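Visitor: Please take me through one part of this model closely, and state the cut-offs behind each term as you go.

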Amino acid sequence: MSFKLSEEFKTKAAHICARYPRRDAALIPLLLELQAEAGFVAEEAMDALAQYLELPYSRVKAVVTFYTMFNRAPAGKYHLQVCRNISCHMAGAPGLLARLRGKLGIAEGETTKDGLFTLSTVECLGACGSAPVIQVNEDYFENLDEMKLDSLLEDLRHGKHPLKR
Ligand code: FES
């Protein structure tokens, strides 16, 4: 399947590349732009970006597969990313993950049938002091417990983003 970078993307990409001494240094910001457009970074998009930046496809793929912030398949409206590193683990992340699995009826890497939630586990989100932490799309929810998690899920189910009222 062929994939073409949109004209809008190319315009933004030119501005982003101009901020860096070398075009290939813009790889991560450009991948974030691609993900913002489509919700995920498809194999074909990686290939098109590699050609645009004149990089080997393997380098683009390596970056996308290394960083959990990149979705390689369409994700739900809300991407729940549960930190699984030590501080969050000690502070109760396994219980929160189990609760999410049970309430949503999905495992890590899966999306609910209604397309609302995708569940993932991720490495340290850099907010260890307020563990346990779950990232929902771009936002962090910290110092979570089961009650706060239930309330967060209910809000999201009803289209209310707790941080964007
Ligand atoms: S261990 Fe979870 S934010 Fe660092």
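Guide: Strand 2 gives the most to the lining of the second largest pocket, contributing five residues; strands (E, at least two residues) and helices (H or I, at least four) are DSSP runs numbered from the N terminus. This is a predicted model, in which local features need pLDDT of at least 70 and side-chain atom pairs pLDDT 80 or more, while totals for chains, interfaces and linings use all residues. Residues are numbered from 1 along each chain as its sequence is written, and side-chain values use heavy atoms, without hydrogens and water.

Of its 19 lining residues, Phe70, Asn71, Arg72, His79 and Ser120 are the closest to its centre. Two elements, helix 4 (57-66) and strand 2 (117-122), each give two or more residues to this lining. A pocket here is an open set of points on a 1 Å grid where a 1.4 Å probe fits, with protein on both sides within 12 Å along at least five of seven lines, and lining residues have an atom within 4 Å of a point.

By class, the lining of the second largest pocket holds eight nonpolar, nine polar and two charged residues, where Asp, Glu, Lys and Arg count as charged, Ala, Val, Leu, Ile, Met, Phe, Trp, Tyr, Cys and Pro as nonpolar, and the others as polar. For reference, the largest pocket has a volume of about 530 Å³, and its 21 lining residues include Gln35 and Met69, which are among those nearest its centre.

How values were computed. Points joined across faces, edges and corners; volume = space filled by probe spheres on them.
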